[in-house]
Amino acid sequence: MNAIHIAKPPVNFIINTLVLILYITIQPITAKSNPSRADSRLIAFKRAKSLDNGISVSWLEQTWNKNVLTGEGLKTSDFELLKQLGFKSIRLPVAFEYFEDEGIPVEQIFSHIDNIVKQSNLYGFKLIIDYHNGSFNDNNYLKETPRIIDIWLKIAKRYAHVSCDKLFFELYNEPPHMNPQIWKDAAYNIVTAIRKIDKQRTLIIGASNYNSIYEQSRFVRLADENIIYTFHFYEPFLFTHQGAEWIGDQESTIGVPFPYNAEKFPIINPRAKNTDGEKNYNQYPRDGNEQSIKDKLQIVKGWSDKYYVPIICGEYGAYNKYADLDSRCRYIKAVRQTLKSLNIPGMLWDYNGNFSLFSGQPSIENLPVCMKDAIGYTREK
């Protein structure tokens with residue numbers, strides 16, 4: 001019988017086959033900025049949607065208020081009012097670093113947060129714990145990043161038992177104008193640390209330059225699939241921050257109407273000359289309208305579509321000291337409606353601070369008619 005000769009496969013074929021087998025049997029390593037499992041992102045999309053009609057509560061971030069921890073903060077009546085007004089989620093900014101520097105035990109801070117978690121669950125609110133008023137920057141990131149991680153590990157351990165559908169962690173409020181890669185690397189390291197304790201929690205992250213829409217449009221998303229990306233929207237800044245003392249001379253021009261009205265447009269404050277405020281002033285006839293709001297929000301919407309990731313507008317609103325009420329109502333309504341048209345969940349800033357919706361202490365009686373219309377409150381509930 002003649003022998004049958006079986007040709008040996010080429011060496012390259014054997015190598016390629018082994019590589020394929022290894023690729024299939026070993027879980028692939030996800031590249032830092034090139035994730036491959038879009039399916040698990042659906043959870044983050046669903047949870048992002050649940051945060052719509054949200055509002056921040058100014059309380060535990062008030063570093064200027066020496067009595068911030070002596071009061072009750074959010075009372076039962078506040079939760080009832082927020083529920084009545086139709087809000088679905090609450091963002092709780094907390095100045096963790098400030099309290100730590102002041103020597104205040106973290107347990108004391110947690111006792112307040114514990115109550116908010118409990119009440120939010122009782123009244124059906126989604127809750128975001130937001131790391132507020134940090135000092136992260138280009139110069140101290142090597143020391144600051146471990147400190148942020150240490151605080152987040154304490155938070156993550158404390159609230160690991162709370163449903164991931166009800167509680168969210170926002171890693172850092174408004175990273176400053178800085179090298180965006182430094183911030184991205186820090187955010188990646190914070191996420192990695194939290195994931196060792198809580199693998200399912202949906203995390204919220206924004207870009208540097210104070211969660212700017214423009215910086216967000218240049219941001220390359222992280223590999224983690226369970227992230228919601230946040231941005232803050234205060235455009236046009238000349239209107240939303242007019243007279244804001246903490247901004248300085250650039251926003252010293254007050255009496256700015258929305259939308260732009262040539263007859264009512266004030267003369268620029270001399271102190272704003274030769275600042276960014278002068279540029280904003282000169283640009284306002286083009287920026288102070290609803291179409292400009294739509295165009296700018298479309299920038300971050302385009303980024304979201306590009307990466308197929310969920311986004312939220314984590315803050316929008318207008319300083320209430322100098323802007324006239326009708327202008328504030330028109331502005332908030334314009335932003336809110338535009339966000340909805342783009343399917344971007346939005347959270348107002350804020351409930352009871354200097355951007356408050358109310359004319360006085362929070363109550364239905366102190367909610368102006370135009371503001372009821374602006375936030376979509378149409379009937380007594």
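**Helix packing and burial**

Colleague: At what angle do the axes of helix α12 (residues 290-307) and helix α13 (residues 325-341) cross?
Modeller: The axes of α12 and α13 come within 10 Å in this predicted model. Axes are lines fitted to C-alpha atoms over the stretch in contact, with angles from 0 to 180 degrees between N-to-C directions. For α12 and α13 the crossing angle is roughly 40°.

Colleague: Which residues of α13 make the contact with α12?
Modeller: Contact means heavy atoms within 4.5 Å. From α12, the contact is made by E290, I293, K294 and L297. Their partners in α13 are Y331, A334, V335, T338 and L339.

Colleague: What pLDDT do local features need in this model?
Modeller: Residues are numbered from 1 along each chain as its sequence is written, and side-chain values use heavy atoms, with hydrogens and water left out. The model is predicted, so totals for chains, interfaces and linings use all residues, side-chain atom pairs count only at pLDDT 80 or more, and local features need pLDDT of at least 70.

Colleague: Is S292 buried or exposed?
Modeller: S292 is found in helix α12. Leaving aside neighbours within four places in sequence, S292 is in contact with R286 and D287. Buried means under 20% relative accessible area, exposed over 50% and partly exposed in between (1.4 Å probe, protein chains only). With a relative accessible area of 8%, S292 is therefore buried.

Colleague: How many helices and strands does the secondary structure of the chain come to?
Modeller: Helices (H or I, at least four residues) and strands (E, at least two) are DSSP runs, numbered from the N terminus. On this basis the chain comes to 14 helices and eight strands.

Colleague: What percentage of contacts between residues at least 6 apart in sequence join residues at least 24 apart?
Modeller: The chain has 381 residues, and buried residues make up 50% of them. For contacts between residues at least 6 apart in sequence, the share that joins residues at least 24 apart is 76%.

Colleague: Which residues of helix α6 (residues 141-158) make the contact with α5?
Modeller: The axes of α5 and α6 come within 12 Å and cross at roughly 45°. On the α5 side, the contact is made by E107, F110 and D114. On the α6 side are K154, I155 and R158.

Colleague: Is H112 buried or exposed?
Modeller: H112 lies in helix α5 (residues 106-123). Apart from neighbours within four places in sequence, H112 is in contact with W59, L60, L69 and G71. Its relative accessibility is 15%, so H112 counts as buried.

Colleague: How many Å apart in space are T63 and V94, C-alpha to C-alpha?
Modeller: T63 is found in the loop between β1 (54-56) and α3 (76-84), and is partly exposed, with a relative accessible area of 24%. Not counting residues up to four places away in sequence, T63 touches A95, Y98 and N133. T63 and V94 are 31 residues apart in sequence, and their C-alpha to C-alpha distance is 9.5 Å.
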